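Here are my notes on this model. Please keep the viewer open while you read.

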Amino acid sequence: SETDKGVYPYYMLKEVDEQAIVARTLSQHYFDDDNQIQNIDPAIIEAIQSADRLYIVAAGTSYHAGLVGKRYFEQWTGKPTEVHISSEFAYDQPLLSDKPFFIFLSQSGETADSREVLDNVIKQGFGSLTIANVMNSTLTREADFALPLLAGPEIAVASTKAYTAQIIVEAILAHAAGNSTLDLKHELAKVAVEMQVIIDQKEVFKTIAESALRDRRSAFYIGRGLDAAVAVEAALKLKEISYVQTEGFAAGELKHGTISLIEEGTPVFALLTQTKTAGLVRGEIAQVTARGANAVIISSKALAKAGDAYVLPEVNELLMPLLTVIPAQLIAYYATLDRGLDVDRPRNLAKSVTVQ
Ligand code: G6P
């Protein structure tokens with residue numbers, strides 16, 4: 001059945017493996033045979049187009065998916081887009097624009113902090129959409145609109161396929177509401193193929209995880225732009241299941257403090273897929289390496305250099321987060337296995353947090 005681990009030792013590995021299939025499923029669901037958008041209520045498009053600002057609200061990994069989606073909404077719809085943590089927004093609502101529209105991202109549709117924000121949004125009379133994996137959940141029922149992630153049940157506490165599904169649905173929605181000239185259906189088909197290429201090379205990440213992280217107590221993920229967005233998700237994956245204290249942040253911030261933490265052998269995973277900032281990130285890698293760090297560079301084909309730990313296949317640069325996150329998921333998985341820990345059930349965590 002869908003909730004059976006089958007041949008997999010852990011749900012997390014099964015769910016990582018399913019990501020190419022989910023990408024195809026979403027493309028088939030949201031695009032028709034003539035490349036036109038389907039299964040999105042025109043009223044959603046209209047709500048986005050008539051808003052003067054978009055507010056993405058979410059928690060945990062879903063919040064991180066929002067950080068990536070912001071780029072699509074801003075670039076393709078021209079609407080300023082803010083991304084907020086629901087537990088913060090609920091009690092310290094920022095000053096809103098005149099015509100805000102709210103987009104809630106959630107795997108479960110039940111996160112209490114996000115529900116609290118939705119309640120407040122409804123009371124203030126603003127429009128809302130929930131993008132969730134579990135349809136017929138509180139967040140999908142109570143928002144004005146809902147769109148499904150179609151990722152199938154996600155059981156492992158560490159979210160993987162829901163993250164990539166959220167990024168894909170954000171891209172499709174921004175594309176539908178905006179004026180991108182990208183052939184997104186075609187680009188997503190390429191993404192699905194390349195996701196599978198990475199997944200099929202998973203043994204590489206076992207080797208990387210074991211050599212870089214065994215006996216290590218701390219690690220870093222760095223990147224700029226969309227890679228900075230992926231870095232925070234990558235760090236969350238690693239720390240939440242392996243208990244290796246990991247920070248993910250914008251590479252340019254290193255010099256403002258964090259670089260003092262670098263010691264001999266400290267693993268620094270550098271994500272390098274964005275052309276505009278690749279040179280700067282190379283410089284930052286040199287800075288940490290000069291201080292003894294073990295830099296593990298995950299780069300895209302066009303930006304790769306000899307010595308990089310893994311070279312990602314190439315898709316449209318805006319869609320690279322869909323590929324970049326997969327090595328991070330697998331590194332987290334194998335580092336956790338290497339420590340003899342339960343990948344699917346990390347201590348102190350719940351799949352869905354229904355209390356504030
Ligand atoms: C919990 C889960 C995370 C998830 C977060 C938000 O902390 O362990 O994996 O990202 O809740 O959940 P949601 O269901 O709203 O995406």
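The points below go from the whole chain to single residues.

1. **Basis.** This is a predicted model: local features need pLDDT of at least 70, side-chain atom pairs count only at pLDDT 80 or more, and totals for chains, interfaces and linings use all residues. Residues are numbered from 1 along each chain as its sequence is written.

2. **Confidence.** The chain averages a pLDDT of 97. That score is the predictor's confidence in each residue, from 0 to 100. In the chain, 99% of the residues score at least 70. For the complex, the predictor gives an ipTM of 0.97 and a pTM of 0.98.

3. **Overall dimensions.** Along the principal axes, the C-alpha atoms fill a box of roughly 55 × 45 × 45 Å.

4. **Secondary structure and packing.** The chain has 13 helices and 10 strands. These are DSSP runs numbered from the N terminus: helices are H or I with at least four residues, strands are E with at least two. Of the 356 residues, 53% count as buried. A residue is buried if 20 or more other C-beta atoms lie within 10 Å of its own, exposed if 12 or fewer, and partly exposed in between, with C-beta atoms placed from the backbone. Among contacts with a separation of 6 or more, 75% come from residues 24 or more positions apart. A contact means that the two C-beta atoms, placed from the backbone, lie within 7 Å.

5. **Ligand shell.** Which residues come nearest to the ligand? Of the 15 around it, they are G60, T61, S106, S108 and T111. Being near means a C-beta atom, placed from the backbone, within 6 Å. By class, the shell has four nonpolar, 10 polar and one charged residues. Here Ala, Val, Leu, Ile, Met, Phe, Trp, Tyr, Cys and Pro count as nonpolar, Asp, Glu, Lys and Arg as charged, and the others, Gly among them, as polar. Helix α4 (residues 60–77) gives the most to the shell, with three residues.

6. **T61.** This residue lies in helix α4. T61 is buried because 23 other C-beta atoms lie within 10 Å. Leaving out residues up to four places away in sequence, T61 touches S159, A162, Y163, E233 and L236. T61 and E15 are 46 residues apart in sequence, and their C-alpha atoms are 15 Å apart in space.

7. **Helix α3.** The buried residues of α3 (residues 42–50) are I44, A47 and I48. They cover an arc of only 95° around the axis, so they sit on the same side of α3. The arc is that of the directions from the helix axis to the C-beta atoms. The face turned away from the buried side carries the exposed residues P42, A43, E46 and S50. What covers the buried residues includes β1 (53–58), α4, β3 (100–106), β4 (127–132), β5 (145–148) and α8 (161–177).

8. **Positive phi.** Two non-glycine residues deserve a look. L150 has a positive phi of about 50° and lies in the loop between β5 and α8. L150 counts as partly exposed because it has 17 C-beta neighbours inside 10 Å. N348 has a positive phi of about 70° and is found in the segment after α13 (321–338). N348 is exposed, with 5 other C-beta atoms within 10 Å.

9. F126 lies in the loop between α6 (112–123) and β4. F126 is partly exposed, with 18 other C-beta atoms within 10 Å. Apart from neighbours within four places in sequence, F126 is in contact with P100, F102 and V121. D119 is found in helix α6. D119 is partly exposed, with 13 other C-beta atoms within 10 Å.

10. **K305.** Is K305 buried or exposed? K305 counts as exposed, because it has 12 C-beta neighbours inside 10 Å. K305 is found in the loop between β9 (294–300) and β10 (310–312). K305 and G223 are 82 residues apart in sequence and 16 Å apart in space, C-alpha to C-alpha.
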